[in-house]
Amino acid sequence: MNRHRTALSVLLAAGALVAGALTAAGPSIAAEAPASFRQQHTHGFWTAERMRGATPLDVTAVPGAARTPVATSATPTTIAPTAEASPTAFPQAGGAWTGGGAVVKTSGRVFFTMGDRTASCSGDSVTSANGSTVITAGHCVKYQGAWHTNWVFVPAYNNGAAPYGQWSATKTFATDQWAASEDMNMDVGLAVVAPLNGQTLSQAVGAQGIAFNGGYNKKMYAFGFPAAAPYDGTKLVYCSGNSGKDFLLTKDHGLGCNMTGGSSGGPWFQDFNEATGLGTQVSVNSFGYTFLPNRMYGPYFGNEAKAAYDKAQAS
């Protein structure tokens, strides 16, 4: 067996993927898999009970090898936030966010079906040309070669309640590399959501800024809705600290963080202002190593992530 593949098998994804056992090894994926999917929905599918029951499961084998080089010398690109408390502890290994601000509304839970199973992740509203773009992890839109369906974003999720509504995706996207081979370096997904009550998502809840090719070793804040013990998916949780570059199998950012399944796709911010809850998003919660507990990893937003973002915001 390939030594690199053997090493990858000890990775543990941080996302909530399916409710039920998942023991399959690497998927069989077409090399030219399309990097977007026109969403399918069942009207009224996501009841409060069904959202509460979308139990996360940690994945015990990573799909695909981390083999795509990540360019870090490209020109930085930054998109400012769309504007829409008390200071909190730094560093923080994981705790409920009580600081208020824009992040409470821009971040939320993501719900979808994977086959006949319900599942959840996290996501964030980011500034975009269409005002309707959510960014999340790649495995929160597509996993084991199949795109998820019944995909909705629930900003400011509150224990089954959707105070700003359920925003249904019209189309979901991933980096080309995630769509083709589920490369862990490129675990970035996006969704374009339909208007609700005559408003776009950013009009209703605001949107965070986003940056690409911004480098490593930043003061970072990560947010999400972890739903696996000791968390229960009811609260917005955050971690904060000085990030570093993964020195093992990927080119990801790393951050001390104890968030669990369900947090996948939640935003990582640099230049985060605790008083306003606004920041510049530079990654998402992606995975952790089984042998390095309480540390989260998130993909580097390089040219590949920007290309996926540009496709989504132009859709």
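Biologist: Are K142 and E182 buried or exposed?
Modeller: The model is predicted. A residue under 20% relative accessible area counts as buried, and one over 50% as exposed. By that cut-off, both K142 and E182 are buried.

Biologist: What is the N to O distance in the salt bridge of K142 and E182?
Modeller: Side chains of opposite charge can pair when their charged atoms come close. The cut-off for a salt bridge is 4 Å between the nitrogen and a carboxyl oxygen. K142 and E182 meet it, with an N to O distance of 3.7 Å.

Biologist: How many residues apart in sequence are the parts tied together by K142 and E182?
Modeller: K142 belongs to strand 8 (residues 142-143). E182 belongs to the loop between helix 4 (176-181) and strand 12 (189-193), so the pair ties together parts whose separation in sequence is 40 residues.

Biologist: Which residue forms a salt bridge with D176?
Modeller: The partner has to bring a side-chain nitrogen of Lys or Arg within 4 Å of a carboxyl oxygen. The closest N and O atoms of the pair are 3.2 Å apart, and the partner of D176 is K311.

Biologist: Which helices hold D176 and K311?
Modeller: The two residues tie together parts that are 135 residues apart in sequence, because they lie in separate elements. D176 is in helix 4, and K311 is in helix 6.

Biologist: Which helix holds both D310 and K306?
Modeller: The side chains of D310 and K306 meet in a salt bridge with an N to O distance of 2.8 Å. D310 is partly exposed at 29%, and K306 is partly exposed at 23%. The two residues are 4 apart, about one turn, and both lie in helix 6.

Biologist: How many aromatic pairs does a search of the whole structure find?
Modeller: Rings of Phe, Tyr and Trp pair if their centres lie within 6.5 Å. Searching the whole structure by that rule gives a count of 19.

Biologist: What geometry does the pair of F90 and Y221 have?
Modeller: Planes under 30 degrees apart count as stacked, over 60 as edge-to-face and the rest as tilted. The ring centres of F90 and Y221 are 5.6 Å apart and the planes are at 40 degrees, so the pair is tilted.

Biologist: How many residues apart are F90 and Y221?
Modeller: F90 is in the loop between strand 3 (77-79) and strand 4 (92-96). Y221 is in strand 14 (residues 219-224), and the pair links distant parts of the chain, with a separation of 131 residues.

Biologist: Which residues join F90 and Y221 in a cluster linked by ring pairs?
Modeller: Of the two, F90 is partly exposed at 29%, whereas Y221 is buried at 4%. Ring pairs link F90 and Y221 into a cluster with W97, F223, Y238, F269 and F272.

Biologist: The charged end of which residue sits over the ring of Y157?
Modeller: A charge sits over a ring if, among other conditions, NZ of Lys or CZ of Arg is within 6 Å of the ring centre. Here the distance to the centre of the Y157 ring is 4.8 Å, and the residue is R109.

Biologist: How many residues lining the second largest cavity are nonpolar?
Modeller: About 40 Å³ of space lies in this cavity. Its lining is made up of A211, F212, N213, G214, G215, H253, V282, Y300 and F301. None of these is charged, 4 are polar, and the number of nonpolar residues is 5.

Biologist: Which peptide bond is cis, with omega near 10 degrees?
Modeller: Most peptide bonds are trans. The cis bond runs from A229 to P230.

Biologist: What is the phi of N217?
Modeller: Most residues other than glycine have a negative phi. N217 is exposed at 58%, in the loop between strand 13 (209-212) and strand 14. Although N217 is not a glycine, its phi is positive, at about 60 degrees.

Note on methods
Residues are numbered from 1 along each chain as its sequence is written. This is a predicted model: local features need pLDDT of at least 70, side-chain atom pairs count only at pLDDT 80 or more; totals for chains, interfaces and linings use all residues. Side-chain values use heavy atoms; hydrogens and water are left out. Buried means under 20% relative accessible area, exposed over 50%, partly exposed in between (1.4 Å probe, protein chains only). Rings of Phe, Tyr and Trp (its six-membered ring) pair if their centres lie within 6.5 Å; planes under 30 degrees apart count as stacked, over 60 as edge-to-face and the rest as tilted. A charge sits over a ring if NZ of Lys or CZ of Arg is within 6 Å of the ring centre and within 35 degrees of the ring normal. On a 1 Å grid over the protein atoms alone, a cavity is a set of points where a 1.4 Å probe fits but cannot get out, and a pocket is an open set with protein on both sides within 12 Å along at least five of seven lines; lining residues have an atom within 4 Å of a point. Grid points are joined across faces, edges and corners, and a volume is the space filled by probe spheres set on the points. Ala, Val, Leu, Ile, Met, Phe, Trp, Tyr, Cys and Pro count as nonpolar, Asp, Glu, Lys and Arg as charged, and the others, Gly among them, as polar.
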